[in-house]
Amino acid sequence: MIRLNEIRLPIGAKAEDIKKAAAKELNIPVSDIKDFRIARESIDSRKKDRISFIYSAEFSVDGDESALIAAFPENKATVFEPYNYTPPAVRRTSPLRPVIVGFGPAGMFAALLLSQAGLRPIVLERGERVENRTKSVKNFWTSRKLNTESNVQFGEGGAGTFSDGKLTTGIKDPRCREVFRVLAEHGAPQEILYSSKPHIGTDMLADVVKNIRNTVIQNGGEILFNCRFSDLIVANGAVFGVRYIENGKTEKEIETDCVLLCIGHSARDTVEMLYNKGVKIDKKPFSVGVRIEHPQELINKMQYGREWNNPLLGAADYKLSNHPLHGRGGYTFCMCPGGTVVTASSEEGGVVVNGMSEYARDGENANSAILVGIEPDFFESEHPLTGIAFQRELEQKAYRLGGGDYTAPAQLVGDFVKDRPSVRLGTVKPTCTTGVIMSDIRKVLPDKVTSTIKDALFAFDRQFKGFLLPDAVLTAVESRSSSPVRILRDDLKQTNIRGLFPCGEGAGYAGGIVSAAVDGLRCAEAVLLDEV
Ligand SMILES: Cc1cc2nc3c(=O)[nH]c(=O)nc-3n(C[C@H](O)[C@H](O)[C@H](O)COP(=O)(O)OP(=O)(O)OC[C@H]3O[C@@H](n4cnc5c(N)ncnc54)[C@H](O)[C@@H]3O)c2cc1C
């Protein structure tokens, strides 16, 4: 097959136009092009008066494809073999069923692979199935009654279910293609297969999760909801079983020699239990900060100029970073165009924020996190769980500053950069799902962090004129951008306790939906290859 890149077309081009453009570039009749598909689509809005779309296309032609593209540089045209994901052959012989803890992206993809391989995995998920979980989350946002087992962090689908469902990732693992294929096969919009900024939206994610659940069950897997993994049974340095609490009260056991820990970055009780069991855990760099909100219309105008409300362009996004020569840097993260700021608490007495969008991204505001890196040497203590304690402290401060009912503390950018508390809102109407109280977020975050955010805001405004909008709203606290710990694993993906496979974001091996899913596949492959 041929892959042809850099096909530039005006806004609104159809697949047929791309095909014609490809044929024209190769100087062949359109009819010679077979098996045509769009491989990549991105927007080039650097020239505001001539915004265009850039495509890559994949197709086959009869005859010598290499000769046909010989005149083109490699970054323009290549001949390639389509990628098909092939899991390893099963070497595992143990009759015991593997246990997967957590049904987020890592757990879901591990369960898909192990069930397709006939190993009949048992999944323990502390939260509810997505239908009930959605009710619990909405109930929390309206009545402020937090279900500490089923919320934005915990429950079927994992942390990313109430998100923008952005599928961008920095990893270059070929398994990413398999993850996109499986998500599209289970109901995600087809354009995730070629969009340079693929996203699903929280409204569609719930159905995708349900469909994946059904596939795992059809392949012999079993998913136990409202079941919290509470203890590891170990003998002679190896896993012998697990204990779990069903519906918050009944303790049960499963005999197994294989446990995949796909627990996410918020399972602090589980990490503490594992640490006390002697599982080797290390501190890991992570980031904290705030969420910022601007009117989406402003971001569209800054990004697209006079085409700001062209529906074919959709809601504009941005990605900014500031890395001064000396001192800490700040960067924007998990930008949600036309989205909502969500209260993503999972512990009583703690306020945590994050972002979410629906597939249409048609909300009034744009939001993103502004984060600052926290390195292990930020803390005097060498204790591996110090980062968790720090996060918890920030969240409790935000809770108290918000008035102790999960209302989040907020501040206008204009006041923040002038070091004065906010007393009233301006023109931007915040979307935080549990509301905001105007305050002074410097009372939540350490000076090192707030001063870095301040510097970053000025730097971002130099890069993206208009970003330093005085009425833009900062909401605190964004404390769970990634895991503050790494559960150590060897080349066989196992901990110092044999048969225990730490996996995904919570274990410190992924950041984001796609990389967590890829790590789920990697660990499941390690289980298939493990000769026990
Ligand atoms: C609001 C929000 C928005 C986000 N937006 C995006 C986005 O747009 N794009 C993106 O790439 N990433 C996003 N992320 C990050 C992304 O969700 C995570 O990186 C990803 O979900 C990590 O996958 P995981 O499977 O490793 O862990 P998780 O998704 O966190 O799943 C862990 C699962 O384990 C379960 N669990 C934990 N402890 C136990 C236990 N003891 N017993 C049983 N079950 C347990 C939890 O209930 C949970 O379901 C967002 C996160 C949040 C919170």
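This report walks through the ligand site and the nonpolar cores of the structure above.

The model is predicted: local features need pLDDT of at least 70, side-chain atom pairs count only at pLDDT 80 or more, and totals for chains, interfaces and linings use all residues. Residues are numbered from 1 along each chain as its sequence is written, and side-chain values use heavy atoms, leaving out hydrogens and water.

Let's start with the ligand.

The table shows polar contacts, pairs of N or O atoms within 3.5 Å.

| Residue | Its polar atom | Distance to a ligand oxygen |
|---|---|---|
| E125 | side chain | 2.5 Å |
| G512 | backbone | 2.9 Å |
| P105 | backbone | 3.2 Å |

Taken alone, the ligand exposes 990 Å², and the protein buries 96% of that (Shrake-Rupley method, 1.4 Å probe).

Now for the cores, sets of buried nonpolar residues (under 20% relative accessible area) joined through side-chain atoms within 4.5 Å. The largest has 75 residues, and F467 is among those with the most contacts inside it. Beyond its neighbours within four places in sequence, F467 is in contact (heavy atoms within 4.5 Å) with residues including I292, Y318 and L457. A second, separate core of 47 residues includes A110 and A510.

Methods:
Polar contact = N/O pair within 3.5 Å; in protein donor to acceptor, adjacent residues only side chain to side chain. Buried < 20%, exposed > 50% of the residue type's maximum accessible area, 1.4 Å probe, protein only.
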